[in-house]
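Welcome, and please take a look at the structure below. This short report will walk you through a few of its features, one place at a time.

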Amino acid sequence: MSEFSPAELLELFQRAQASFTDRVDAVKPDQWEDPALPGWTVADLVAHLVDEALWAPPLLAGEPFDLVDGRFPDATEDLLGADPLTGWESAADAALAAFAEDHALLRTVHLARGPLLAAHYIEEMTADLTVHSWDLARATGGDTELDPVLVTAGLVVADRLPEDGVPGLIDPPLDVAATADPQSRLLARYGRRG
């Protein structure tokens, strides 16, 4: 089970969503095609998190990965719609509502890699939102200082990651001094130099 209570998990997830929302709201119209990560534009990065949020309700409802896969559009412009902020907020609200249902965090979700406790799923999504908030801020010249509470929660998830990362999903960790601040340690664990 998670190191956090269900109420804490929901609060952390909502906090991470709010942090990401602030950074999406700060994207200037001419920045959407700017590079964010290798092979991804700012729009692609936001679309990735829209897609993740869209998956949460059916997975938490017990649908298997193979039935959810292919349900949502692949194209960035289709995921974001005419207004990327609205597209993100709509998907984020639906994900939060699904996690907030009675006993949702006690369920098991079925991902491509196999079954996962919903409590761990929300932790992973919270950490992903936190790291990608930094990515988005860095790409757009925004505030790269992460919420220390989210950094601490993210480090809990980071400690469970395989030593060489997750091929195709999470870069191998970078070396960082043991005395580095928590945000630098979190970012390094996800293959980023803070």
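## Before we start

A residue is called buried when its relative accessible area is under 20%, exposed when it is over 50%, and partly exposed in between, using a 1.4 Å probe and protein chains only. The model is predicted, so local features need pLDDT of at least 70 and side-chain atom pairs count only at pLDDT 80 or more, while totals for chains, interfaces and linings use all residues. Residues are numbered from 1 along each chain as its sequence is written, and side-chain values use heavy atoms, with hydrogens and water left out.

Helices (H or I, at least four residues) and strands (E, at least two) are DSSP runs numbered from the N terminus.

## Salt bridges

How many salt bridges does a search of the whole structure find? The search gives seven, where a salt bridge means a side-chain nitrogen of Lys or Arg within 4 Å of a carboxyl oxygen of Asp or Glu. One of them joins R107 and E101, with the closest N and O atoms 3.3 Å apart. R107 counts as partly exposed because its relative accessibility is 27%, and E101 is partly exposed because its relative accessible area is 42%.

An α-helix has 3.6 residues a turn, so residues three or four places apart point the same way. R15 is partly exposed because its relative accessibility is 30%, and E11 is partly exposed because its value is 39%. Another salt bridge links E63 and R71, whose closest N and O atoms are 2.3 Å apart. E63 is partly exposed, with a relative accessible area of 25%, and R71 is partly exposed as well, at 40%.

## Helix α8 and the segment after it

Is helix α8 mostly covered or mostly open? Helix α8 spans residues 182-189 and is mostly covered, with six of its eight residues buried. Those buried residues are Q183, S184, L186, L187, A188 and R189. Their cover includes α6 (118-140) and α7 (148-158). At the N-terminal end, D181 caps α8: a side-chain oxygen of D181 lies 3.1 Å from the backbone nitrogen of Q183.

Y190 is found in the segment after α8, and it counts as buried because its relative accessible area is 5%. Setting aside neighbours within four places in sequence, Y190 is in contact (heavy atoms within 4.5 Å) with residues including A127, V131, G154 and V157. The C-alpha atoms of Y190 and L174 are 7.7 Å apart, although 16 residues separate the two along the chain. G191 also follows α8, and its phi is positive, near 75°.

## Two cavities

Rolling a probe the size of a water molecule over the atoms shows where empty space is left. On a 1 Å grid over the protein atoms alone, a cavity is a set of points where a 1.4 Å probe fits but cannot get out, and its lining residues have an atom within 4 Å of a point. Grid points are joined across faces, edges and corners, and the volume is the space filled by probe spheres set on the points. The whole structure has two cavities of 30 Å³ or more. The largest cavity holds about 50 Å³ of space, and its lining includes F4, L9, I122, T126, A153 and V157. The elements giving two or more residues to this lining are α1 (6-25), α6 and α7, and α6 gives the most, with four.

The second largest cavity has a volume of about 40 Å³. Among its lining residues are F13, L49, W88 and M125. Here α2 (42-60) supplies at least two residues, as do α1 and α6, and α2 gives the most, with three. This lining has six nonpolar residues, one polar and one charged, where Ala, Val, Leu, Ile, Met, Phe, Trp, Tyr, Cys and Pro count as nonpolar, Asp, Glu, Lys and Arg as charged, and the others, Gly among them, as polar.

How values were computed. Polar contact = N/O pair within 3.5 Å; in protein donor to acceptor, adjacent residues only side chain to side chain. 1 Å grid on protein atoms, 1.4 Å probe; cavity = no way out; pocket = protein on both sides within 12 Å on 5 of 7 lines; lining within 4 Å.
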